[in-house]
Amino acid sequence: MVKRLITRFRRLPWWGKGLVAVIGLAGAAGGGFAALTLYSQSQSNSTPYIDRWFDDPDSQPELATIRREPCPDAPFLLPSDGLIGLLWNDSAAPYNMLHRHTGIDIFGIGTPGTAPIYAAYDGYLTRESDWLATVIIRHDDPLHPGETIWTYYTHMADREGQQSFVMDDFPTGTRDLWVEQGTLLGYQGEYSGNSLFPVGLHLHFSIVKSDPDGSYKNESRSGNTLDPSPYLGMSLNIKTRPERPIGCTLPD
Ligand SMILES: [Zn+2]
């Protein structure tokens, strides 16, 4: 049987051999991707909570973390209320083990433009000239005095990208404007950066490392972000697989 297949393969014209190789490679890549997806999902407990949040709105009050003050002994304020769905370093869809989530996603209760977002800590706010839905704040790192870190807030626009939900106090092009912890920055939206693929209503919040040149590092790479758990006094690293809602407790 195998011998016959080999003989058949040898008799194929060059393009036929190429086609067989391409189909084989695509099959291997598809199988590898499926295995990666399955394994990535098994390393997280976030998806069932997020599915429940959107499929069964009655469950939202019992899944939501609602806190308008920092947790005891934690420097940062949770910047919005809602289900803390995807966590830091999460590999749940649409992420995976090779491309992990860089922050936390807080899914708010309400409609786009109504769930408020507050500054997590005192600092200097910047909104780049092409940022419709995003602001970033520079801070002295309260856990490592003398070092600089940044907090990043995004998805603050409607799904089509027509209307920004960032407060008018922070127009595009704002640089180094002092804001205090708890300052209203804007409201949760569904804009992903691409109007064809909106996201479910939420705030994406992350803590970004500083570049040696004084600017912030590329937020989309998880190696450039910090575990927010000690800053917020909550279990926000997916390796701890906390149940939702997440409260003010850190893993031992
Ligand atoms: Zn996110």
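These notes walk through the predicted model point by point, from the whole chain down to single residues.

1. **Ground rules.** Residue numbers start at 1 along each chain as its sequence is written. Because this is a predicted model, local features need pLDDT of at least 70 and side-chain atom pairs count only at pLDDT 80 or more, while totals for chains, interfaces and linings use all residues.

2. **The whole chain.** The protein chain holds 5 helices and 10 strands; these are DSSP runs numbered from the N terminus, H or I of at least four residues for helices and E of at least two for strands. Its C-alpha atoms fill a box of roughly 75 × 40 × 40 Å along the principal axes. Of the 252 residues, 37% count as buried. Here, buried means 20 or more other C-beta atoms within 10 Å of a residue's own, exposed means 12 or fewer, and partly exposed lies in between, with C-beta atoms placed from the backbone.

3. **Two domains.** The domain assignment gives domain 1 (1–42) and domain 2 (46–240); such bounds come from an automatic or database assignment. Taken over C-alpha atoms, the two centres are separated by 42 Å. Between them, 5 residues of domain 1 are in contact with 7 residues of domain 2, where contact means C-beta atoms, placed from the backbone, within 7 Å.

4. Helix α2 (residues 14–42) has 29 residues and reaches 42 Å from its first C-alpha to its last, close to the 42 Å expected at 1.5 Å a residue. That expected span is 1.5 Å times one less than the number of residues. The number of buried residues in α2 is 0, so this helix lies largely in the open.

5. **S46.** S46 is found in helix α3 (residues 46–55). With 24 other C-beta atoms within 10 Å, S46 is buried. S46 and G85 are 39 residues apart in sequence, yet their C-alpha atoms are 5.8 Å apart in space. Leaving aside neighbours within four places in sequence, the contacts of S46 are G85, L86, L87, D90 and A92.

6. **Strand β2 and its partners.** Strand β2 (residues 104–107) points I104 and I106 one way and D105 and F107 the other, and all are buried. In a regular strand, side chains alternate between the two faces of the sheet. β2 pairs in the antiparallel sense with strand β1 (residues 83–84) over 2 bridges, and in the antiparallel sense with strand β9 (residues 203–209) over 3 bridges; pairing requires that DSSP finds at least two bridges. I106 is the bridge partner of I84 and stands opposite L203 in β9.

7. **The core.** The largest nonpolar core has 51 residues, and those with the most contacts inside it are I104, V135, M156, L185 and L236. The largest share of this core, 4 residues, comes from β9. A nonpolar core is a set of buried Ala, Val, Leu, Ile, Met, Phe, Trp, Tyr and Cys residues joined through C-beta atoms within 7 Å. Beyond four places in sequence, I104 touches I84, L86, L87, W88, F205, P228 and L236.

8. **Backbone spots to look at.** The peptide bond from A93 to P94 is cis, with omega near 5°, and P94 is found in the loop between β1 and β2. D73, not a glycine, has a positive phi of about 65°, and counts as exposed with 9 C-beta neighbours inside 10 Å.

How values were computed. Contact = placed C-beta atoms within 7 Å.
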